[in-house]
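This briefing goes with the sequence and structure shown below. Please keep both in view while reading the notes, which are grouped by topic.

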Amino acid sequence: REPVVTACFRPPVLQCSGPGDRDAFGNMSQNTIANWMQQERRLAAGSFATLTVVHHARLFLPRRSHSSDWAATAYNDTFSAGRGRAGDYWRPPTQVERSMPCAQHVRGPAAVWNTWQSDFNYAHFLHDHLPMIYWLREHSPPDARVIIGTCAWCAPALQNRTKEFLEWFDPPLAARVEWLAMESMICVDGDLHLAVPHFSVKRVADPSFQTRISGPYTVQLPSLIARVSHTAMRLHAASTREVDTWPSVIYYSRRASSIVALQGRVFSAHHDEAIQHLIMSRMKHWSRGERFVVFDGVQTKEHPHPGYPMTAAQQLRLFRSARILIGPHGSGLVNVLWMRPAGGAESGCPNPTRSVLEFVCGQGSKRVQADCPYTRSFYYLLGSAPWVSWSSLLYSSQSSTSSLKVDLGDIRTTIDGMFKNTPTVTEDLPAHWSMLPGVIGPKLTEEEEEEPSDMVILRERSRYSMLMYPETPS
């Protein structure tokens, strides 16, 4: 049964902006919602994607990254998937690939979904990869192995990051996965089922973010994202055997450090500290009882290894306590998945009691990131995240890729409204998590880990986002 989502679309609220930005921002969000609804109908009708079957296939998953060619090839003696057009997921094999010997074998039936990133990235794996992997699992034969490529050229300590994370996040899915190295020919003895989404080339002219950008971003439909968020909810539920942590207001600090290497878009230390001071002062003004937490992806003194990257379970424990999350667009915001929804979230239509304020690019700050203004937001990457109330605040016109700035007066006005309208910590925590039937999952207790690896490896683990390795379930 498809998750119920179409009745739950709420556009994000743009705070403290002029009429030009408000109109353009509103048009883009409404266009995206209209596009989502159209694609949801196609998904329900079975025309959103095709499961193409290639008999005795040869499969080549190339090394790729965010900015390079990520199309893969799957073919046999009489057929090849895809035409190799811009934005296609599959392309015909090259002559070099046709002459490559089989380096790996897998017994069919098998199923594969091709996406653009070849090494593990915590955030992108959750919102770019897993939605279609879940779709693929649902639509392929029940005994089909799900192929996921591994980074054979990465340092040994990094090669199994995706596998280790998925074994923690969704053990039943991990048990169905066939982990095969990219950059070598894979031969399937039997049938290979390919997920091939169908998108019109007219998407390039569409004002909607979800259809204007070619590539994998077009698959982030709310009901596909719901498959991931509902899995997160069940993992959450398994963790309720612990005592809930003190409710929090979390600020996502995005500035470079010796551990977390960010891909640009950072605040200066002075501006970052000014934002932190402002939030704390407004919490005091409104007599908020939550603790204030600065999240930068690094373990603090309350964790086993202070100064090292946080684990997945540590981030879950922190963000499930969040009542309000504030911060710039960046991979750390994928942790919205861990924020507690109100009752009713299991049907996809909660009445949010938790809030997010994300700083994003506007007309005056297009230089911050490609595809600005407005489009780079986790509101879209998480399929509208209906379990929280979402607000956006634009960067100031002085912002650039290397230096972000947000007007402190705008932040103050916005968070005053959020504090005024968000219930205080005296409210009862919702019972939703513990009400989910049939919940199983790992215990999220601290386990004594092996001594951390070399700092260079840890930095490599975290070069894209806040976390690159999970705890091993006990």
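At the start of helix H11, a side-chain oxygen of Asp-407 comes to within 2.9 Å of the backbone nitrogen of Gly-409. The model is predicted, so local features need pLDDT of at least 70 and side-chain atom pairs count only at pLDDT 80 or more, while totals for chains, interfaces and linings use all residues. Residues are numbered from 1 along each chain as its sequence is written, and side-chain values use heavy atoms, with hydrogens and water left out.

**Helix H11**

- Arg-282 and Asp-416 form a salt bridge (a side-chain nitrogen of Lys or Arg within 4 Å of a carboxyl oxygen of Asp or Glu), with the closest N and O atoms 2.9 Å apart.
- Because Arg-282 lies in helix H8 and Asp-416 in helix H11, the pair ties together parts that are 134 residues apart in sequence.
- Both Arg-282 and Asp-416 are buried.

- The side chains of Arg-161 and Glu-164 meet in a salt bridge at 2.7 Å, N to O, and both residues lie in helix H4 (residues 161-169), 3 residues apart.
- Glu-167 forms a salt bridge with Lys-163, where the closest N and O atoms are 2.6 Å apart.

Technical notes: Polar contact = N/O pair within 3.5 Å; in protein donor to acceptor, adjacent residues only side chain to side chain. Helix = DSSP H or I, 4+ residues; strand = E, 2+ residues; numbered from the N terminus. Buried < 20%, exposed > 50% of the residue type's maximum accessible area, 1.4 Å probe, protein only.
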